[in-house]
Amino acid sequence: MTLAADVDVLLGAVLEDRFQIEQLLGEGGMGRVYAATELQLRRRCAVKVLLPEFARDSDHVGRFLREARTIAQLRHENIVEIYHLGRDVASGVVFFAMELLSGEDLESRLAARASRPIAWQEACRWMAQVAGAVAAVHGVGMIHRDLKPANIFLHQDGRRSRVKLLDFGIARVTDQTALTRTGTTLGTPLYMSPEQILAQPLDHRTDIY
């Protein structure tokens, strides 16, 4: 089984005889995210799949797996929850399953603020939740390295939105320098600290910046 550009053969597929893929939700630089159902538990979830062009590269596979393992170590109401990490034997698809969120990311919400103004009280509530999530990341000796509005999701939790911090693809342990090659710059330039842009040693202050 492969992911084709014109036909997405994952739609309707069942990974590991467990997760039935139902709908494409979005695509990023390295992977696609689908809505799915965990068949045995009848639980709705999101499944993130590594794109096939990266699945053949050990560095990209390693980074993808580290993302899932990183999130799994973090237990916080404002950080997306991981359910399962796996590789489907029949197709070779590398994926992880996580909670399915409903709402929009902060980048989209900010773009719509002309027609949907944001009250300062709401903005303060969101940022307090972001700070709590980032503190949890730093508390286990990790740094996110890609904090930006697109990675802050406003999950509709009843009548109010709750922040969920996403995308730990380039997060790393602060003293684990081997995860990034010397001189390699990872991140989103508009949101990177000067040290990150220059590929210098980093600590938690790069997220605060």
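Student: Angles here run from 0 to 180 degrees between N-to-C directions, with axes fitted to C-alpha atoms. At what angle does helix H4 run to S10?

Tutor: About 30 degrees. This is a predicted model, by the way. Helix H4 covers residues 120-139 and lies across both S9 and S10.

Student: What is the strand order in the open sheet of three strands?

Tutor: The order is S7-S9-S10, and the pairing is antiparallel. S7 and S10 are the edge strands, each pairing on one side only. From one strand to the next, the twist averages 25 degrees.

Student: How many bridges join S9 to S10?

Tutor: Six. S10 spans residues 160-165 and runs antiparallel to S9. Leucine 154 stands opposite valine 163 in S10. Isoleucine 152 stands opposite leucine 165 in S10.

Student: What lies between S9 and S10 in the chain?

Tutor: Two residues, and the two strands form a hairpin. Look at glycine 158 in that turn: its phi is positive, about 75 degrees.

Student: Other side now. How many bridges link S7 and S9?

Tutor: Three. S7 is residues 103-105, S9 is residues 152-157, and they pair in the antiparallel sense. Glutamate 104 has leucine 154 as its bridge partner in S9.

Student: What does the side chain of glutamate 104 meet?

Tutor: Arginine 116, in a salt bridge at 2.6 Å, N to O. Glutamate 104 lies in strand S7, while arginine 116 is in the loop between helix H3 (106-111) and H4, so the pair ties together parts twelve residues apart in sequence.

Student: Is glutamate 104 buried or partly exposed?

Tutor: Partly exposed, because its relative accessibility is 22% and buried requires under 20%. Arginine 116 also counts as partly exposed, at 36%.

Student: Switching topic. How many aromatic pairs does a search of the whole structure find?

Tutor: Two. Phenylalanine 19 and phenylalanine 95 form an edge-to-face pair, 5.8 Å centre to centre with 70 degrees between the planes. This pair links distant parts of the chain: phenylalanine 19 is in strand S2 (residues 19-27), phenylalanine 95 is in strand S6 (residues 94-98), and they are 76 residues apart. Phenylalanine 19 is buried at 0% relative accessibility. Phenylalanine 95 is buried too, at 0%.

Student: How accessible is phenylalanine 64?

Tutor: It is at 2% relative accessibility, which counts as buried. Phenylalanine 96 is buried as well, at 0%.

Student: What sits over the ring of tyrosine 83?

Tutor: The charged end of arginine 43, 3.8 Å from the ring centre. Arginine 43 also forms a salt bridge with glutamate 38, where the closest N and O atoms are 2.7 Å apart.

Student: Which of those two is buried and which is partly exposed?

Tutor: Glutamate 38 is buried, with a relative accessible area of 2%. Arginine 43 is partly exposed, at 29%.

Student: How many salt bridges does the count come to?

Tutor: 13. One of them joins lysine 148 and aspartate 146, at 3.9 Å, N to O. Both of these residues are buried. Elsewhere, salt bridges with shared partners join Asp8, Glu27 and Arg32 into one network.

Key. Residues numbered from 1 in each chain as written. Predicted model: local features only at pLDDT ≥ 70, side-chain atom pairs only at ≥ 80, totals over all residues. Heavy atoms only, no water. Pairing = 2+ DSSP bridges. Helix = DSSP H or I, 4+ residues; strand = E, 2+ residues; numbered from the N terminus. Phe/Tyr/Trp six-rings, centres within 6.5 Å; stacked < 30°, edge-to-face > 60°. Buried < 20%, exposed > 50% of the residue type's maximum accessible area, 1.4 Å probe, protein only. Lys NZ or Arg CZ within 6 Å of the ring centre and 35° of its normal. Contact = heavy atoms within 4.5 Å. Salt bridge = Lys/Arg side-chain N within 4 Å of Asp/Glu carboxyl O.
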